[in-house]
Amino acid sequence: MLKIKNIGKNFGGVKAVDDLSFNVDKGEIVGLIGPNGSGKSTTINLICGVFPVDFGNISVNEQNISSLPTHERVASGISRTFQNIRLFKDLSVWQNIWVALQQDSDQSSGWMREWFGNSKLQKEKIKEILVFSGLGDRFDDLAGNLSFGEQRRLELARAIASKPKLILLDEPAAGMNSDEVADLRQRILDLKKLGLTVLLVEHVMELVMNVVDRIVVLNFGKKIAEGSPENIQNNKDVQKAYLGGA
Amino acid sequence: MEYYFGILQNIGFHTLLGLSAYLLLLTGQLSMAQVGFFAIGAYASGILTVIYGINIFLALGVGAIIASFFAFLVGFPALRIKGLMLVIATIAFSEIVRLYFFNLRWLVEKDGVEVGPDGAQGFREIRYFAANGWEPSHIVSFIWIVVILVLFALWWLDRVKAGSVLRAVGEDELAAQSSGINLTVVKVSAMTGGGFIAGIAGGLYAHSTTYVDHNSFTILLATFAVAYPILGGLKNVFGTLFAVIFIQGILIEGLRFLGDYRNLLFGLLIILVMNFYPKGLINIPIFNWSKLFKRRDL
C-alpha cells in the first residue's frame, strides 16, 4: 500500500536520504532500522510531508502523495507519532483526541456541525479510542499531567483517531522499560489486528525483532538490506554498519 | 458620573482589543496589527455615519467587515513568519494604516459645515450618538452589551471543537498538522476573527469619543492589546477582562493620586505578576471564583 520509489533528500549537501525505495504491503508491520543518523526519521518526515522530497515519489494506495501538504496526507490515510512526544499538553486527554478525530465520510453534516457543533456525539467515539489505548480513566486529565508511558499511549491514540490506513511510529519505545516495551508490542499487534499497516522506526531490537514481519535497514541514507528479522540478524553488511567494522 | 462612564467605556474598548489579540494568541500568533484593524474600523464606520448618514449598527457591522477583510489579507503572509518576525511585520502594517489615515483627507459639506477625515487635523464631529439623542448611559450600555457578546462568543468557542483546534495549533503546529489540521485555514480564520472584533471596537471608540486622529492608533495601543491576554492568561477569556480592569481601572485610574510615581509602580506590578503568576492573573487565588465558569462537562 505504501510505495516509496527512489526518493532523496539533501540537507545542504548532506544526502540524508539517498535513492531509497521500498514497499510496505497492506496489513504488514515493517521495521525501519539503522544506526544513528542513517536517515530513518528523515524518511518518516518525507512520508508525512514535513518537508518535500527532492526527487522520487511516494504513493499510498496508488495515489501519489509526494506533493500534498501534511494535513492532506493525514486525510489520505497516513498518521504518525513523534520521536519526542508532541502532545497538546494544555488540552485535556479527550481534547487531544477530539482535535485529530476525522469526520465520518458517511456523515454529511457539514463543517459547521463538525467545528461548532456539540461535543456529545463525538465523546462516545473518543471514549472508545481512549479505552482501546488503556487511557479510559484519564479522560478529563490534562495531557501534560500524564506519566511518560501514558503520554506515549495518548500519542498513539491520537494517531489512531484520524482513521489512518498506515501508521508511522517514530521510536515509540525510546525511554521505556522492558515491561512497557512488552505492553507496546501488544498494542502494535492490536493495530495489526484492526487491519492497520505499520511502519516502525526503532532502536530497541527487543521490540523490532519480536513484532515486525519484515525489516528495512538504512545506513547513510541508503538501503543496505531488507528481509525477515532472522535474515537481517545474520546479514554481514548490517553487522558491519552497526558495529562500525571496516 | 461622566467620569465613571468614561472609565467604563475605556475598559470596554480595551477589553475588545485585548480579546481580539487573545483569539490570535490562542493560535500562537503575537500580532501587533490589532491597532491597525481598530483604526480601520474606526475610520470606516465613522465615514459611513458621518458622510453617508448610515445607521450606527449597520456602520459598525460594515466597519468590522472591512477590518476583518484586511485582517484576512494580513493572515496569509503572517502564515510564513512567527515570533519576532511576525511582531515586526504586524507593527509595519499598523504603521502603514496609521500613516494612511494621517494623510487621508475626505471632506464633504453637510449643512454648511465640512465634515470627514481631515488629514493630520483628524476626523472630527463623529456625532451620531449626540445627533440621535443617545444619553451617556445608553452609550456605555451599548458598548458593554457588545463586550459581553464577544466575551460570550469566545467563551463558547472553547466548548466546541474549533476552540480545541485553535489551542492545538498554538501549542504545536507540527503535531496539529500531523493530526490533519489545515494550518492555513485555522490561522487565517483566527486573524480574520480578531480583525472583526478589533474593527467593532474601533467603530465604538470613534463614535463615543466623537473624534479620532492618527495619534489614537499608535504602537503603544497595540502593545496594550497583546499585554492584556498575556498578563491575564490564556486559560479563558476572563483573564483578559481581569487584566484590562487591573491595568486600566486600578493601575491607570486608581493610582492617579500617585502622580508620576504611578508609572514606576505600574511597571513594578506587571513584573511582579509575571514573576509570580507566569500563566496570568487568572491563576491568582482571589480569582478562584472564576472556577464557576470552568468547563464542567463530563
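The questions and answers below go through ring pairs, charges over rings, strands and backbone angles in a predicted model.

User: How are residues, chains and ligands labelled, and which pLDDT do local features need?
Analyst: Residues are numbered from 1 along each chain as its sequence is written, while chains are lettered from A and ligands numbered from 1 in the order in which they are written. Side-chain values use heavy atoms, with hydrogens and water left out; in this predicted model side-chain atom pairs count only at pLDDT 80 or more, totals for chains, interfaces and linings use all residues, and local features need pLDDT of at least 70.

User: How many aromatic pairs are there over all chains?
Analyst: Rings of Phe, Tyr and Trp (its six-membered ring) pair if their centres lie within 6.5 Å; planes under 30 degrees apart count as stacked, over 60 as edge-to-face and the rest as tilted. By this rule, the count over all chains is 24.

User: Which kind of pair do B:Tyr3 and B:Tyr4 form, and why?
Analyst: The ring centres of B:Tyr3 and B:Tyr4 are 5.2 Å apart. Their planes stand at 70°, so the pair is edge-to-face.

User: Is B:Tyr4 buried or exposed?
Analyst: Buried means under 20% relative accessible area, exposed over 50%, and partly exposed in between (1.4 Å probe, protein chains only). B:Tyr3 has 45% and is partly exposed. B:Tyr4 has 54% relative accessibility, so this residue counts as exposed.

User: Over which ring does the charged end of A:Lys123 sit?
Analyst: A charge sits over a ring if NZ of Lys or CZ of Arg is within 6 Å of the ring centre and within 35 degrees of the ring normal. The charged end of A:Arg86 is placed this way, 5.5 Å from the ring centre of A:Phe82. For A:Lys123 the distance is 4.3 Å, and the ring is that of A:Trp94.

User: What is the bridge partner of A:Leu2 in E4(A)?
Analyst: Strands (E, at least two residues) and helices (H or I, at least four) are DSSP runs numbered from the N terminus, and two strands pair if DSSP finds at least two bridges between them. Strand E1 (residues 2-11) and strand E4 (residues 55-60) of chain A run antiparallel and are joined by 5 bridges. In E4(A), the partner of A:Leu2 is A:Val60.

User: Where is A:Glu62 found?
Analyst: E4(A) also pairs with strand E5 (residues 63-64) of chain A, in the antiparallel sense over 2 bridges. The hairpin of E4(A) and E5(A) has 2 residues between the strands, and A:Asn61 takes a positive phi near 50° there. A:Glu62 has a positive phi of about 70° although it is not a glycine. Its place is the loop between E4 and E5 of chain A.

User: Which strands stand at the edges of the open sheet in chain B?
Analyst: This sheet has 3 strands in the order E1-E2-E3, with antiparallel pairing. Each edge strand has a single partner strand, so one side of each is left without a neighbour in the sheet; the two are strand E1 (108-110) and strand E3 (123-124) of chain B.
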